[in-house]
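Thanks for coming. I have one structure to go through today, so please look at the screen while I talk.

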Amino acid sequence: MRRNKILQLLSDNRSAERFFNVVDSGDDEVTVYLYDYIVADDYWGGISALTFARELAGITASVIRLRVDSPGGDVFAARAMEAAIRGHSAKVIAHVDGLAASAASFLIMAADEIEISEGGFVMIHKAWTALWGNADDLRAEADLLDKIDGTLVATYAKRTNQSDTDIAAWMKAETWFGGAEAVEKGFADRLASSGAKAQARASAWNLRAYSNAPKPAAKPVQNTPQEPVIEPAPAAPVVPDLSAMQRRLDLATRL
């Protein structure tokens, strides 16, 4: 049985530095930081559609800068967040500071403008699911996944002007677009100039749940001899009970 990738993504990043905040930037602008994964229910952490939509609805500024560094998450939660962005009266400028992967990649499609840092990435892939049941359940879920993929293809194609065939092939291959390529393919409108910072931010996520995630840059080798440092033995890791989390994901479709 294949591992539950969405559960692995959440588990692998449970201790990662995550951040969601709304900041008044002055001059009739508000900055929204979405440095988190996207979830249907934020009881276990992450940012839910309900929380995001409530925060967005309270913004009266004419410009919203949506700064994104997210490994993705729940497809339907991200769709609701996308609708909230499209329905807001402000001009929304999305900034891919590090990573807009999976569900986060189509959320940014709702922005009026998309800017990506030179070291940033946009990733698209086919929908995932977590399901237990009989053969009829599995067939029905597969049909639903195909429908979800079709809607994602349409969203990406409309924004990028790429063909449905190319989009579907990129999704099937789990394709990662670096900053310049994201602009070239239409997933972003322009490059920003904070590449080094964005690359460090993108590398902060544990992305082993994905098949083709770029490897973090190797740390430079220290040539200067160092005195040996004796570290105390690490404490045994605390492994959380994920059974409750697993039950909450049963029969739920995810990206």
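Start at the loop between β1, residues 19–26, and β2, residues 29–35, because Asp27 sits there. This is a predicted model, so please keep that in mind throughout. Asp27 has a phi near 55 degrees, a positive value in a residue other than glycine. Is Asp27 buried or exposed? At 79% relative accessibility, Asp27 counts as exposed. Asp28 is in the loop between β1 and β2 too. The phi of Asp28 is also positive, at about 65 degrees, and Asp28 is not a glycine either.

Now the chain as a whole. Its secondary structure comes to nine helices and 12 strands. The chain has 255 residues, and buried residues make up 47% of them. If you take contacts between residues at least 6 apart in sequence, 73% join residues at least 24 apart.

Next, the helix packing. Two packed helices are described by the angle between their axes and the distance between the axes.

From α2, the residues in the contact are Ala49, Phe52, Ala53 and Leu56, and they meet Ala77, Ala80, Met81, Ala84 and Ile85 in α3. How many polar and charged residues does the contact of α2 with α3 have? By class there are nine nonpolar residues, no polar and no charged ones.

Helix α3, residues 75–87, also packs with α5. Here the axes come within 13 Å and cross at roughly 30 degrees. The crossing of α3 and α5 is left-handed. On the α3 side the contact is made by Val75, Phe76, Arg79, Glu82 and Arg86, and on the α5 side by Ile148, Thr151, Leu152 and Thr155. The contact of α3 with α5 has four nonpolar, two polar and three charged residues.

The last pair is α5, residues 135–160, with α6, residues 164–172. Their axes come within 9 Å and cross at roughly 120 degrees. That angle makes α5 oblique to α6. The crossing of α5 and α6 is right-handed. In α5, Asp149, Leu152, Val153, Tyr156, Ala157 and Thr160 take part, and they meet Asp164, Ile167, Ala168 and Met171 in α6. The residues of this contact divide into seven nonpolar, one polar and two charged. Leu152 is listed in the contact of α5 with α6, and Leu152 is listed in the contact of α3 with α5 as well.

On to the aromatic rings. The structure holds eight aromatic pairs. One of them is Trp170 with Phe177, an edge-to-face pair with 5.4 Å centre to centre and 80 degrees between the planes. Trp170 counts as buried at 16% relative accessibility. Phe177 is buried too, with a relative accessible area of 0%. Which residues do ring pairs link into a cluster? They are Tyr156, Trp170, Phe177 and Phe187.

His95 is in strand β6, residues 91–101. With a relative accessible area of 4%, His95 is buried. Leaving aside neighbours within four places in sequence, His95 is in contact with Arg65, Leu66, Arg67, Val68 and Glu115. His95 and Ala192 are 97 residues apart in sequence, and their C-alpha atoms are 8.3 Å apart in space.

Then there is Ala213. Where is Ala213 found? It is in the loop between α8, residues 195–202, and α9, residues 243–249. Ala213 is buried, with a relative accessible area of 12%. Not counting residues up to four places away in sequence, Ala213 touches Glu174, Trp176 and Leu207. Ala213 and Trp176 are 37 residues apart along the chain, and 7.2 Å separates their C-alpha atoms.

That is what I have for today.

Definitions and conventions:
Residues numbered from 1 in each chain as written. Predicted model: local features only at pLDDT ≥ 70, side-chain atom pairs only at ≥ 80, totals over all residues. Heavy atoms only, no water. Axes fitted to C-alpha atoms, helices over the stretch in contact; angles between N-to-C directions. Helix = DSSP H or I, 4+ residues; strand = E, 2+ residues; numbered from the N terminus. Parallel < 35°, antiparallel > 145°, perpendicular 65-115°, else oblique. Left-handed = near helix turned anticlockwise from the far one by under 90°. Contact = heavy atoms within 4.5 Å. Nonpolar A, V, L, I, M, F, W, Y, C, P; charged D, E, K, R; others polar. Phe/Tyr/Trp six-rings, centres within 6.5 Å; stacked < 30°, edge-to-face > 60°. Buried < 20%, exposed > 50% of the residue type's maximum accessible area, 1.4 Å probe, protein only.
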